[in-house]
Amino acid sequence: MSEATFDFDLIVIGAGYGGFDAAKHAAQSGLNVAIIESREMGGTCVNRGCVPSKALLAASGKVRELADLNHLSGFGIHAAPVRFERQKIADHANKLVQNIRSNLTKTLERAGVTIILGEGRIEGPQKVGVRELNGVDRLLSAKDVVIATGSDPFVPPGIEIDGRTVFTSDQAVSLEWLPRWIAIIGSGYIGLEFADVYTALGCEVTVIEALDKIMPTFDPDITKIASRKLIESRDIEARSAVLASKIVPGSPVLIEISDSKSREFIEELQVDAVLVATGRTPSSKGLNLESVGVETNRGFIPIDETMRVIVNGKPLPHLWAVGDVTGKLMLAHTAAAQGTIAVENILGNFHQIDYRSIPAATFTHPEISSVGLSEEEAKGLAASEKFELGIVRSYFKANSKALAELESDGLMKLLFRKDTGEVLGAHIYGLHAADLIQEVANAIARRQNVIDLAKEVHTHPTLSEVVEMAYKQASIQIKK
Ligand SMILES: Cc1cc2nc3c(=O)[nH]c(=O)nc-3n(C[C@H](O)[C@H](O)[C@H](O)COP(=O)(O)OP(=O)(O)OC[C@H]3O[C@@H](n4cnc5c(N)ncnc54)[C@H](O)[C@@H]3O)c2cc1C
């Protein structure tokens, strides 16, 4: 039931996954909800992120598989040379985007959410201003406000984007052309996924990484084994500890390469195109957060574990923030989970988020995934809480299903407490790693221990036995 003094019970600013889940859950729980969106419904994930990139990866992955004559001949299969149509691959991604965007919009409409297209901003406690697409400016009031404005690609200084020869993932997902030679700046998950797409489709790739090693955000053991297949075996030159200090669009694109530490000029590269994949920056400028005293941290909105916005160390009543704009594990499912949790708290049901159990995946061929603590974090925790850290490795080459698929390149590393057996984290590289990680994420969410987990029966022959083997190895090490 709506309170008479407010236009809405809840206004959500931003219709990405965070805003969508918050608005849907609130409306389905009986609140009178409006959602404000300045671009396309569905936000980054649906329009410029997860959805189109996974469509490109699905198509290019099939091209890679059919073109891998060695792999196919292992099954006795001799395929004709593979042909593909770039435009049709791009169309597949585009159609999927339209389909999912339309479904998401209909879901909100059916739930009774008022959709307002325009730019939202905070205009004081429980007040939201909106400049609609037709230029009309309105002031609305709501009992609660959720900010879910997401993020945009971060482009370092010195790099000029023209959207055609030098671009970010926003444009790359359209796959408008296939450059003969493309430089990818950054070897995080977005850079790696696009390197997977481009090399499968016949492009030569140079990866430029400013940090000391390639794939710096991944577990070092996983990086070691994954980079052999994902980088070294492919048409990729990977350069670390170097900076693309200046990039000028054109034909060719000019890249000035400098030493990351000394900033000394090394050389100039001339390539056909550059994809800048150097991280994401929060979309919080223009939200007029000053009107309620919110100070951001490099643009990220500070929140507590219930999604309340924090000002001077205290939660601000009726103002919530979720998703990439909060800078926590910037993933679609985090945003969605935060959106639901914010609404549960608005409804008076106390809920906190558990970031440790949120998995992350990179959809390369093969995939990489992780959940929970990194080895470094786990070592830190072991030192501060004075327990012995257990680490076991389970290999895909010992798994019947992986061997049957001729895809036995893979490793799972499991981190656990040797005193209680509690699972602390897992890192997987191998076939369907993105699906396999969910089992460990669920175990972490329930704070389960490896002794109990090792007793759970897994289907044979499946890749899930890689996880079962890790639990079994770990359970032997638990002090009883
Ligand atoms: C190439 C790529 C691949 C990715 N792949 C994956 C993946 O496989 N899995 C995964 O989990 N995550 C993936 N992500 C990350 C994922 O897209 C984001 O974590 C997710 O979209 C964040 O959701 P959000 O709701 O916080 O923000 P967003 O999706 O960014 O949505 C925010 C919305 O708010 C709108 N907005 C901003 N300011 C205003 C304003 N003032 N008024 C009104 N509206 C406003 C924006 O237009 C946008 O629509 C990927 C990202 C990229 C770029």
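Predicted model: local features only at pLDDT ≥ 70, side-chain atom pairs only at ≥ 80, totals over all residues.
Biologist: How many helices and strands does the protein chain have, and what radius of gyration goes with 480 residues?

Modeller: The chain contains 14 helices and 22 strands. For 480 residues the globule rule gives 23 Å, and the chain comes close to that, so it is as compact as a globular protein of that length. The C-alpha atoms fill a box of roughly 70 × 65 × 50 Å along the principal axes. The radius of gyration is 24 Å.

Biologist: What percentage of the contacts with a separation of 6 or more joins residues 24 or more positions apart?

Modeller: Buried residues make up 45% of the 480 residues in the chain. Of the contacts with a separation of 6 or more, the share from residues 24 or more positions apart is 66%.

Biologist: Which strands stand at the edges of the open sheet of three strands?

Modeller: The order in this sheet is E11-E12-E13, with antiparallel pairing. Two of the strands have a single partner strand each, so one side of each is left without a neighbour in the sheet. The twist averages 25° from one strand to the next. The edge strands are E11 (242–248) and E13 (265–271).

Biologist: Which residue in E12 stands opposite Ile-247?

Modeller: E11 and E12 (residues 253–259) run antiparallel and are joined by six bridges. The loop between E11 and E12 holds Pro-252, and the peptide bond from Ser-251 to Pro-252 is cis, with omega near 5°. Across the pairing, the residue opposite Ile-247 is Ile-255.

Biologist: How do the residues of the contact of H3 with H5 divide into nonpolar, polar and charged?

Modeller: The axes of H3 (residues 50–67) and H5 (residues 86–111) come within 8 Å and cross at roughly 145°, and the crossing is right-handed. On the H3 side the residues include Val-51, Ala-55 and Leu-56, while H5 contributes Ile-89, Leu-96 and Ile-100, among others. The division is ten nonpolar, two polar and no charged.

Biologist: And how do the residues divide where H1 meets H9?

Modeller: H1 (residues 17–28) and H9 (residues 332–346) have axes that come within 7 Å and cross at roughly 35°. This crossing is right-handed. Among the residues that meet are Gly-18, Asp-21 and Ala-22 in H1, and Ala-335, Gly-339 and Val-343 in H9. The division is nine nonpolar, six polar and one charged.

Biologist: Which residue in the turn between E16 and E17 has a positive phi?

Modeller: E17 (residues 314–321) pairs in the parallel sense with E5 (residues 137–147) over three bridges, and three bridges also join E17 to E16 (residues 308–311), in the antiparallel sense. E16 and E17 form a hairpin with two residues between them. The residue in the turn, with a phi of about 50°, is Asn-312.

Biologist: Is His-432 buried or exposed?

Modeller: His-432 lies in the loop between E22 and H12 (433–445), and its phi is positive, about 55°, although it is not a glycine. The cut-off for a buried residue is 20 or more other C-beta atoms within 10 Å. With 22 such neighbours, His-432 counts as buried.

Conventions
Residues numbered from 1 in each chain as written. Pairing = 2+ DSSP bridges. Helix = DSSP H or I, 4+ residues; strand = E, 2+ residues; numbered from the N terminus. Axes fitted to C-alpha atoms, helices over the stretch in contact; angles between N-to-C directions. Rg over C-alpha atoms; globule rule 2.2 N^0.38 Å. Buried ≥ 20, exposed ≤ 12 C-beta atoms within 10 Å, placed from the backbone. Contact = placed C-beta atoms within 7 Å. Left-handed = near helix turned anticlockwise from the far one by under 90°. Nonpolar A, V, L, I, M, F, W, Y, C, P; charged D, E, K, R; others polar.
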